[in-house]
Amino acid sequence: HRTTLLWFDKTIICTTMNLFYYIFYRFAHFYRRCGTPSPDLSAHNALCSIQLITILILAMTCRKIFPQIVEWNSIVFYIIILCICPILHTIQWLKCRNMYDKLQEKWGNEPPIQRRIRKYMIILYVVFVLVVLFCMIQ
């Protein structure tokens, strides 16, 4: 039973990391095509922004669902969440700064239909995250 749980947790973490690596790769590829001076940094900033908004949505959801567990003052709670961001930003940059070439080997030759589907999935994910954030703020 424990082995199954460990496998399940590892699978979720690996899938999530692959999703974020793919988003980073697509943003970096987009910024390279546009001629941005530092496409990896721009892609990294876009990815960290998406992750920050996702973390904020999860934190706001936890506050709504479990108000008795999260009894802190709202400002303190969000300050703690925002203090996590520089740590997340640094870790993500250390992991992604030299990964474009490796990711291009992995996803550079994907079929156009699959690339188009994934592109729309990324766009839907970003739009969904922003819509949920704006709905939760109001």
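Tutor: A residue counts as buried under 20% relative accessible area, as exposed over 50%, and as partly exposed in between (1.4 Å probe, protein chains only). Keep in mind that this is a predicted model, in which local features need pLDDT of at least 70 and side-chain atom pairs count only at pLDDT 80 or more, while totals for chains, interfaces and linings use all residues. Residues are numbered from 1 along each chain as its sequence is written, and side-chain values use heavy atoms, with hydrogens and water left out.

Student: Is methionine 121 buried or exposed?

Tutor: Methionine 121 has a relative accessible area of 52%, and therefore it counts as exposed. This residue lies in helix α5. Tyrosine 125 also belongs to helix α5, but its relative accessibility is 23%, so it counts as partly exposed. For the chain as a whole, buried residues make up 30% of the 138 residues.

Student: How many helices and strands are there in the chain?

Tutor: Helices (H or I, at least four residues) and strands (E, at least two) are DSSP runs, numbered from the N terminus. The chain has five helices and zero strands, and reading along the sequence therefore gives the pattern α-α-α-α-α.

Student: Are phenylalanine 30 and tyrosine 31 buried, exposed or partly exposed?

Tutor: Phenylalanine 30 has a relative accessible area of 41%, so it is partly exposed, and tyrosine 31, at 21% relative accessibility, also counts as partly exposed. Turning back to Tyr22 and Trp107, you will find them in one aromatic cluster together with Tyr25 and Tyr100.

Student: What should I look for in a salt bridge, and how many does a search of the whole structure find?

Tutor: Side chains of opposite charge can pair when their charged atoms come close. The rule asks for a side-chain nitrogen of Lys or Arg within 4 Å of a carboxyl oxygen of Asp or Glu, and the search of the whole structure finds three salt bridges. In one of these, arginine 26 and glutamate 110 have their closest N and O atoms 2.6 Å apart. Arginine 26 lies in helix α1 and glutamate 110 in the loop between α4 and α5, so the pair ties together parts that are 84 residues apart in sequence. Arginine 26 is buried because its relative accessibility is 14%, and glutamate 110 is buried with a relative accessible area of 7%.

Student: Which residues do shared partners join into one network?

Tutor: Glutamate 110 also forms a salt bridge with arginine 118, where the closest N and O atoms are 3.0 Å apart. Arginine 118 is partly exposed, its relative accessible area being 27%. Through shared partners, salt bridges join Arg26, Glu110 and Arg118 into one network. The side chains of arginine 32 and aspartate 40 meet in a salt bridge too, at 2.9 Å from N to O; arginine 32 is partly exposed at 38% relative accessibility, whereas aspartate 40 is buried at 14%.

Student: Which residues make the nonpolar surface patch?

Tutor: Patches are made of residues with over 30% relative accessible area and no salt bridge, with like charges joined within 9 Å and nonpolar side chains (Val, Leu, Ile, Met, Phe, Trp, Tyr) within 5 Å. Here Ile113, Ile117, Met121 and Leu124 make a nonpolar surface patch of about 440 Å², with areas from the Shrake-Rupley method.

How values were computed
Rings of Phe, Tyr and Trp (its six-membered ring) pair if their centres lie within 6.5 Å; planes under 30 degrees apart count as stacked, over 60 as edge-to-face and the rest as tilted. Accessible areas come from the Shrake-Rupley method with a 1.4 Å probe; for residues, only the protein chains shown count as cover.
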